[in-house]
Amino acid sequence: MSSPLVTIDLRIIERNARAVVERCRSAGIEVFGVTKATCGTPEVAHAMLRAGVAGLAESRLENILRLRAAGIACPMMLLRVPALSQAEQVVRHADLSLNSELNVIAALSQAAQRLGAVHKIMLMVDLGDLREGIWPHDLLSAVAQIVRLPGVAIVGLGTNLNCLGGVLPSADNLGTLAALAEEARNRFGLELPYVSGGNSGSLPLLLAGGMPAGVNQLRIGEAMLQGGRDTFYDDPWAALDRGAFTLSAELVELKTKPSVPIGRTGVDAFGRTPQFVSKGDHLRGILNIGLQDINAETLFPLSSGVGIVGASSDHLIVDLHDLHPAPRVGDCLEFRMGYGSLLKAMTSPYVHKELLQ
Ligand SMILES: *Cc1c(COP(=O)(O)O)cnc(C)c1O
């Protein structure tokens, strides 16, 4: 078996996706499946499509190209605000993009005219998370300018919460989004079919019955892929399974060593000052994976008796004092991953990937 390795259970992703799609459908909400944490893996996209997502959403054009090259023809949404330099590529390969800059939208308009296409725009509104988005106060004047541009059509308003600022979706902030959409419809005679109320982080509000009327689309990745490990951190949604991804890495060293470094200490390889608790001599292992592939804070050992000590670029150090039976060099240990480690492991060319159909 190749090591290190991420195995991806596509059946679990499909079941999770179906649970999300059906719950959303019953609330009048359509779902775009977000494959970015898997770098646009086509088989993962197919699992989401089998479950009934309305389309796919990706943060990077490279991933959209990968999905298109695999013959996937569904509606494709670009999540990250496009770079000015990529306007033509965006029009060529994405049906719809999330936008917040008039200059970029003007470039999309020009590219669309050159290509004889109409590119759909979802205008992003910043409701306080302070990542992307037009400030609510500036929205209507932005719409007034965009409706004059040929080659682009505003099809909705969207927002992103729960990311940079960790702002929780609420009836209040998402209600503002729906109200702004209504105002733009009335003022400009636009249809604005989509009000896109965020990512997996909006699902707890939906389940609690607090999603305001008018929100009719969500863009969901984490809940389908990771079963809401990060989204439903304190209060799991029983319909979702967190076991789709398993990371395994191989023990390359196994020795009993003191639990506290010996000698005068400074900073570690990354400029941090590490802290160690004195526990006497413990059996420690080194696994063949490191910070180039994961982060140590978002790795969760599957076996009890495995503790994470720390990691450098290429080595993950584990405390194996309590692991029974005693491991041997060459054994593999398995982990679940939080979003941070999943993103890195899937992006790392040093981590093999295996799909379970
Ligand atoms: C990543 C992303 C999503 C999906 O987020 P999940 O937490 O994976 O559901 C939705 N919208 C935008 C704009 C994103 O960047």
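How do the residues of the lining of the largest pocket divide into nonpolar, polar and charged? They split into 19 nonpolar, 10 polar and 12 charged, where Ala, Val, Leu, Ile, Met, Phe, Trp, Tyr, Cys and Pro count as nonpolar, Asp, Glu, Lys and Arg as charged, and the others, Gly among them, as polar.

Before you click on, some housekeeping. This is a predicted model, where local features need pLDDT of at least 70 and side-chain atom pairs count only at pLDDT 80 or more, while totals for chains, interfaces and linings use all residues. Residues are numbered from 1 along each chain as its sequence is written, and side-chain values use heavy atoms, with hydrogens and water left out.

**Stop 1: the largest pocket**

Select Lys36, Cys163, Asn199, Glu222 and Tyr339: of the 41 lining residues, these are the closest to the centre of the largest pocket. The space there comes to about 1100 Å³. A pocket here is an open set of points on a 1 Å grid over the protein atoms alone, where a 1.4 Å probe fits, with protein on both sides within 12 Å along at least five of seven lines; lining residues have an atom within 4 Å of a point. Grid points are joined across faces, edges and corners, and the volume is the space filled by probe spheres set on the points.

Now switch to cartoon. Helix H3 (61-69), helix H8 (203-207), strand S9 (217-220), helix H9 (222-226) and helix H10 (339-347) each give at least two residues to this lining. Helices (H or I, at least four residues) and strands (E, at least two) are DSSP runs, numbered from the N terminus.

**Stop 2: the two domains**

Colour 10-226 as domain 1 and 245-356 as domain 2; the bounds come from an automatic or database domain assignment. The largest pocket draws at least three lining residues from each of them. Their centres, taken over C-alpha atoms, are 37 Å apart.

Next, select the interface: 12 residues of domain 1 are in contact (heavy atoms within 4.5 Å) with 10 residues of domain 2. The two domains bury about 970 Å² between them, 67% of it on carbon and sulfur atoms. Leu10, Ala37 and Gln226 lose the most area on the domain 1 side, together 48% of what that side buries. Buried area is the accessible area (1.4 Å probe) that two parts lose on being put together, summed over both.

**Stop 3: a salt bridge**

By that rule the model has 12 salt bridges. Zoom in on Arg50 and Glu14, whose closest N and O atoms are 2.7 Å apart.

**Stop 4**

Select Pro274, Phe276, Arg284, Val309 and Gly310, which lie nearest the centre of a pocket lined by 32 residues. Its volume is about 830 Å³. Strands S10 (245-258), S11 (281-287), S13 (307-311) and S14 (316-319) each supply at least two lining residues.

**Stop 5**

Finish with the backbone. The peptide bond from His324 to Pro325 is cis, with omega near -5 degrees, and Pro325 is in the loop between S14 and strand S15 (332-337). Leu130 has a positive phi, near 65 degrees, in the loop between strand S6 (119-124) and helix H6 (139-146).

Key: Salt bridge = Lys/Arg side-chain N within 4 Å of Asp/Glu carboxyl O.
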